[in-house]
Amino acid sequence: MVHALEEIHRLLRPDGVLIDIHPAREAPLVEVHADGRIVVTETYPRAHGDDLVQAEEALSESVRTGVFAEEAVRAFEFMTYGSSVAELRAFFEEAGAYDTSPIDDQVAARRDAMYIRLEEVGRRSGKRAEIGFREPTRMSRLAPS
Amino acid sequence: MQALFDLADLDRKHVLEIGPGTGRLTWRYADRTAYVTAVDPWVDGIERARQTTPTTVAKRVEFHPTALLDFAADHGPSVYDVAILSWSLC
């Protein structure tokens, strides 16, 4: 990762900026929206891997070694909407398809149970129900040193 | 996407996006830029991004199904105004 950051530094103009976007440590939420309000909210089950820690360490290392200087940090929520649980589920499967590591069985089972509950809520809420994925995200701006 | 626009001036800038996947972020900012070059080794994601590129930004976005380090090896220094690591460090 550090080598990748050094290559990005090389590709950037001296007055350029690097924007890093990665998940915050807070768990994402899945929401059912209907008639302009949130009907139900569930925590999206996820595995706690080392990826996030390694990403933050790589960024810190690039700042420590003077490759980049961190100028600003923002926390925000990245929203993705689907018209049904099936659509959002397909989005997750597609978005996660790059990751070929095995999925933790317990996490997979908790996700399946969550999808069943959300589908039931969606059915009860009628045709206007929409599924939202609220992803706490950290964004930082870094300048080449 | 206001958080991104608050942190980076993308107007008429040349942007390198690393890890666009299927383009879910790219479509939200590309219309402001001069040009977006997006690289991702996930071939299926890049193919999907190409297939779903909105016509409004089709002429200013190009996707490369390759890893950043391979892409960088073929490119000289000081090319881009903005680089975006799009959920790709982890």
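Colleague: What percentage of the 90 residues of chain B counts as buried, and what makes a residue buried?

Modeller: In chain B, 44% of the 90 residues count as buried. A residue is given that label if 20 or more other C-beta atoms, placed from the backbone, lie within 10 Å of its own; it is exposed if 12 or fewer do, and partly exposed in between. In chain A, buried residues make up 20% of the 145 residues. This is a predicted model, in which local features need pLDDT of at least 70 and side-chain atom pairs count only at pLDDT 80 or more, whereas totals for chains, interfaces and linings use all residues. Residues are numbered from 1 along each chain as its sequence is written, while chains are lettered from A and ligands numbered from 1 in the order in which they are written.

Colleague: How do you know what confidence the predictor has in chain B?

Modeller: The mean pLDDT (the predictor's confidence in each residue, from 0 to 100) is 94 for chain B, and 98% of its residues reach 70 or more. The model scores ipTM 0.95 and pTM 0.86.

Colleague: How does the radius of gyration of chain B stand against that of a compact globule?

Modeller: The radius is taken over C-alpha atoms, and the globule rule is 2.2 Å times the number of residues to the power 0.38. For 90 residues this gives a value near 12 Å; chain B has 12 Å, and therefore agrees with the rule. The C-alpha trace of chain B spans about 30 × 30 × 25 Å along its principal axes.

Colleague: And what is the radius of gyration of chain A?

Modeller: Chain A has 19 Å, but a compact globule of 145 residues would have a value near 15 Å. Along the principal axes, the C-alpha atoms of chain A fill a box of roughly 55 × 35 × 20 Å.

Colleague: What makes strand 1 of chain A a partner of strand 4 of chain B?

Modeller: Strands pair if DSSP finds at least two bridges between them. Here there are six, in the parallel sense, with strand 4 of chain B covering residues 80–86. A:Leu18 stands opposite B:Ala83, and A:Val17 has B:Val82 as its bridge partner. Strand 1 of chain A is also joined to strand 5 of chain A by six bridges, running antiparallel; there A:Ile21 is partnered with A:Met139.

Colleague: What is called a nonpolar core, and which residues have the most contacts inside the largest one?

Modeller: The term denotes a set of buried Ala, Val, Leu, Ile, Met, Phe, Trp, Tyr and Cys residues joined through C-beta atoms within 7 Å. The largest has 35 residues, and those with the most contacts inside it are A:Leu18, A:Ile19, B:Val82, B:Ala83 and B:Ile84. Beyond its neighbours within four places in sequence, B:Ile84 is in contact with residues including A:Ile19, A:Ile21 and B:Val15. A second, separate core of seven residues includes A:Val85 and A:Leu88.

Colleague: Is A:Ile116 buried or exposed?

Modeller: A:Ile116, in helix 4 (residues 105–125) of chain A, has 10 C-beta neighbours inside 10 Å and therefore counts as exposed.

Colleague: How do B:Arg12 and B:Ser78 count by C-beta neighbours?

Modeller: B:Arg12 has 10 inside 10 Å and is therefore exposed, whereas B:Ser78 has 13 and is therefore partly exposed. B:Arg12 lies in the loop between helix 1 and strand 1 of chain B, and B:Ser78 in that between helix 4 and strand 4 of chain B. Phi is near 55° for B:Arg12 and near 55° for B:Ser78.

Conventions:
Helix = DSSP H or I, 4+ residues; strand = E, 2+ residues; numbered from the N terminus. Contact = placed C-beta atoms within 7 Å.
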